[in-house]
Amino acid sequence: MDNPIHSADLLLDELHPVSGASLIGQLLDNPSITPAPALTWLLEIPGWPDGNSSVNVTIDRIPLDVPSWRELEGAQVECTEADEPIAAYAYDGCWFQFEYVRIQVLRQVGTVARFDIELDYCDEMFSIELADGETLETDRLCATLDVEFEGIRVELDTDRQLAEFTDLADLVFDATSGLYRPVAKRGLP
């Protein structure tokens with residue numbers, strides 16, 4: 001029988017960042033979220049914390065104030081109330097919502113950025129089964145992870161252009177995915 005690890009923290013080593021995470025820009029015209037169109041970001045982390053678990057983490061509507069998708073390094077944001085404006089969830093068959101979100105972009109090389117994130121004050125404790133068979137019970141997640149920029153999705157009801165919100169250099173529209181994707185992918189060593 002597995003003995004759960006009772007911990008308020010799951011801290012991962014920055015020298016071994018979580019991989020498999022993706023970042024998508026979202027240019028939306030949604031008055032229920034913001035009164036004007038805004039470029040926000042969606043961070044998806046499958047298999048938290050090691051890529052092997054059944055827990056997926058989604059952090060949506062991240063308002064990173066950057067002039068370009070190529071200039072994420074140094075950006076940081078903090079949210080102290082659920083969905084105001086950032087929505088952060090863990091999912092393992094049930095949704096678990098976090099009230100507190102802190103995100104900092106530590107480094108960026110090409111299309112890969114190293115994020116430091118802290119998610120806290122979950123609405124309830126949840127369990128994560130780790131690769132070594134241990135079970136972690138937590139309501140807080142902290143990690144450093146490498147994130148691949150996948151592109152920007154534009155969903156505007158007006159004639160506004162993406163160039164009004166970010167630099168378009170090295171982005172091309174991919175009709176298959178509906179994303180403005182980076183031309184070449186390069187990453188951290």
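Biologist: In this predicted model, is Phe126 buried or exposed, and at what relative accessible area?
Modeller: Happy to start there! Buried means under 20% relative accessible area. Phe126 falls below that cut-off and so counts as buried, with a relative accessible area of 3%.

Biologist: Which geometry does the ring pair of Phe98 and Phe126 have?
Modeller: The two ring centres are 6.2 Å apart. Planes over 60 degrees apart count as edge-to-face. The planes of Phe98 and Phe126 stand at 80°, so the pair is edge-to-face.

Biologist: How many residues apart in sequence are the parts that this pair ties together?
Modeller: Phe98 is itself buried, at a relative accessible area of 0%. It sits in strand 7 (residues 95-109), while Phe126 belongs to strand 9 (residues 126-129), so the parts tied together are separated in sequence by 28 residues.

Biologist: Nice. How many aromatic pairs does the structure hold, and which residues do ring pairs link into a cluster?
Modeller: The count of aromatic pairs comes to 7. As for the cluster, ring pairs join Trp41, Trp69 and Phe149.

Biologist: What is the closest N and O distance between Asp174 and Arg181?
Modeller: Asp174 is partly exposed, at 24% relative accessibility. It forms a salt bridge with Arg181, and their closest N and O atoms lie at 3.1 Å.

Biologist: Which residues do salt bridges that share partners join into one network?
Modeller: The whole structure has 11 salt bridges. Those that share partners build one network from Arg102, Asp116, Glu118, Asp120 and Arg140.

Biologist: One last thing: which residues gather in the patch of negative charge on the surface?
Modeller: One of them is Asp123, found in the loop between strand 8 (112-122) and strand 9. Asp123 is partly exposed, with a relative accessible area of 49%. The patch is made up of Glu81, Glu84, Glu99, Asp123 and Glu124.

Definitions and conventions:
Residues are numbered from 1 along each chain as its sequence is written. This is a predicted model: local features need pLDDT of at least 70, side-chain atom pairs count only at pLDDT 80 or more; totals for chains, interfaces and linings use all residues. Side-chain values use heavy atoms; hydrogens and water are left out. Rings of Phe, Tyr and Trp (its six-membered ring) pair if their centres lie within 6.5 Å; planes under 30 degrees apart count as stacked, over 60 as edge-to-face and the rest as tilted. Helices (H or I, at least four residues) and strands (E, at least two) are DSSP runs, numbered from the N terminus. Buried means under 20% relative accessible area, exposed over 50%, partly exposed in between (1.4 Å probe, protein chains only). Patches are made of residues with over 30% relative accessible area and no salt bridge: like charges are joined within 9 Å, nonpolar side chains (Val, Leu, Ile, Met, Phe, Trp, Tyr) within 5 Å. Accessible areas come from the Shrake-Rupley method with a 1.4 Å probe; for residues, only the protein chains shown count as cover. A salt bridge is a side-chain nitrogen of Lys or Arg within 4 Å of a carboxyl oxygen of Asp or Glu. Lys and Arg count as positive and Asp and Glu as negative; His and the chain ends are not counted. The place of a charge is taken as NZ of Lys, CZ of Arg, CG of Asp or CD of Glu.
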